[in-house]
Amino acid sequence: MCEMGVALMRGDSVAPTGAAEPPWPAPQESGQETPAPTGLTAADVASTTYTDLDGAIASARDFVAAFLLAKAAVGVTMGPTTVGDARLVISELVTNVVRHASGPCQVDLELIGQVLHIAVSDTHPVAPIAHAPDPQRVGQHGLEIVLAVCEGVEVEPLPWGKRVRARLALR
């Protein structure tokens, strides 16, 4: 197994980063939330695990949209495209899980300041590949899209698969 994670930044090449290997919580029913990590309030985080990947893409889009709309309702400011951008990012990340992993998919959202941290964990150990832009290529643009929309993306190897983390500014 790879001992290092990969950090991907918009406009940058791939660079290695150290990766911690936290345990993945036991699978939960889809939509069930987990407790907030230390230092964040329950209102700043949301988590769900999809044990059945049928419908996971649409459900994850709705999950991130509901999280952001709830934050907007309590005064968190965000740009006019933030919710759509977050739905696009989560859709691309969960689509990769549906296409390449056989097991559960965990989605973790954390709002830290004006940045939404989106993490998607799955059981497939192979990191997604950021291809060079090619308008002639059909498909395989998912990570390319995520990199264009997000401030940064990191891939963290885990004992059971990987975690892809994306940081989206709430502009």
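A polar contact of 3.4 Å joins the side chains of Asp44 and Lys71, in a model that is predicted. Asp44 sits in the loop that runs between strand S2 (15-18) and strand S3, whereas Lys71 is counted among the buried residues of helix H1. When neighbours within four places in sequence are set aside, the contacts of Asp44 are with Phe67, Lys71, Leu109, Glu110 and Leu111. Of these residues, Phe67 likewise belongs to the buried set of H1, and Leu109 is a member of the largest nonpolar core.

The chain as a whole contains 3 helices and 7 strands, and these elements follow one another along the sequence in the pattern β-β-β-α-α-β-β-α-β-β. Of the 171 residues in the chain, 39% are buried. Among contacts with a separation of 6 or more, 60% are accounted for by residues 24 or more positions apart. The accessible surface of the chain amounts to about 8800 Å², and carbon and sulfur atoms contribute 58% of this area.

Helix H1 comprises the 18 residues 56-73, which should span 26 Å at 1.5 Å a residue, and the computed distance of 25 Å between its end C-alpha atoms agrees with that expectation. Its buried residues are Ala56, Ala60, Phe63, Val64, Ala65, Phe67, Leu68 and Lys71. These residues pack against strand S3 (45-50), helix H2 (82-100), strand S4 (105-112) and strand S5 (115-122). Just after the end of H1, Gly75 adopts a positive phi of about 100 degrees.

Helix H2, with 19 residues, reaches 27 Å from its first C-alpha to its last, a value close to the 27 Å expected at 1.5 Å a residue. The buried residues in this helix are Thr82, Ala86, Val89, Ile90, Ser91, Glu92, Leu93, Val94, Thr95 and Val97, and the elements that cover them include H1, S4, S5, H3 and S7. Thr95, which is found in H2, has a relative accessible area of 16% and is therefore buried, the cut-off being under 20%. The side chain of Thr95 reaches the backbone oxygen of Ser91 at 2.6 Å. Thr95 and Ala60 are separated by 35 residues in sequence, and their C-alpha atoms lie 10.0 Å apart in space.

In soluble globular proteins, nonpolar side chains tend to be buried together. The largest nonpolar core of the present model has 34 residues, of which Val107, Leu109, Leu116 and Val120 touch the most other members. Two or more residues are given to this core by each of S3, H1, H2, S4, S5, helix H3 (142-149), strand S6 (152-158) and strand S7 (161-169). The surroundings of Val120 can be described in detail: apart from neighbours within four places in sequence, Val120 is in contact with Ile90, Leu93, Val94, Val97, Cys105, Gln106, Val107, Lys162, Arg163 and Val164.

Two polar contacts made by the side chain of Gln106 can be described, one with the side chain of Ser47 at 3.5 Å and another with the side chain of Asp108 at 2.9 Å.

Cysteine residues were also considered. A disulfide is a covalent bond between the sulfur atoms of two cysteines. With a cut-off of 2.5 Å between cysteine sulfur atoms, the count of disulfides in the model comes to 0.

Gly152, finally, is placed in strand S6 and counts as buried, its relative accessibility being 0%. Gly152 and His117 are 35 residues apart in sequence, while the distance between their C-alpha atoms is 9.8 Å.

Terms used. Residues are numbered from 1 along each chain as its sequence is written. This is a predicted model: local features need pLDDT of at least 70, side-chain atom pairs count only at pLDDT 80 or more; totals for chains, interfaces and linings use all residues. Side-chain values use heavy atoms; hydrogens and water are left out. Helices (H or I, at least four residues) and strands (E, at least two) are DSSP runs, numbered from the N terminus. Buried means under 20% relative accessible area, exposed over 50%, partly exposed in between (1.4 Å probe, protein chains only). Contact means heavy atoms within 4.5 Å. Accessible areas come from the Shrake-Rupley method with a 1.4 Å probe; for residues, only the protein chains shown count as cover. The expected span of a helix is 1.5 Å times one less than its number of residues. A nonpolar core is a set of buried Ala, Val, Leu, Ile, Met, Phe, Trp, Tyr and Cys residues joined through side-chain atoms within 4.5 Å. A polar contact is a pair of N or O atoms within 3.5 Å; within protein, one must be able to donate a hydrogen and the other to accept it, and residues adjacent in sequence count only if both atoms are side-chain atoms.
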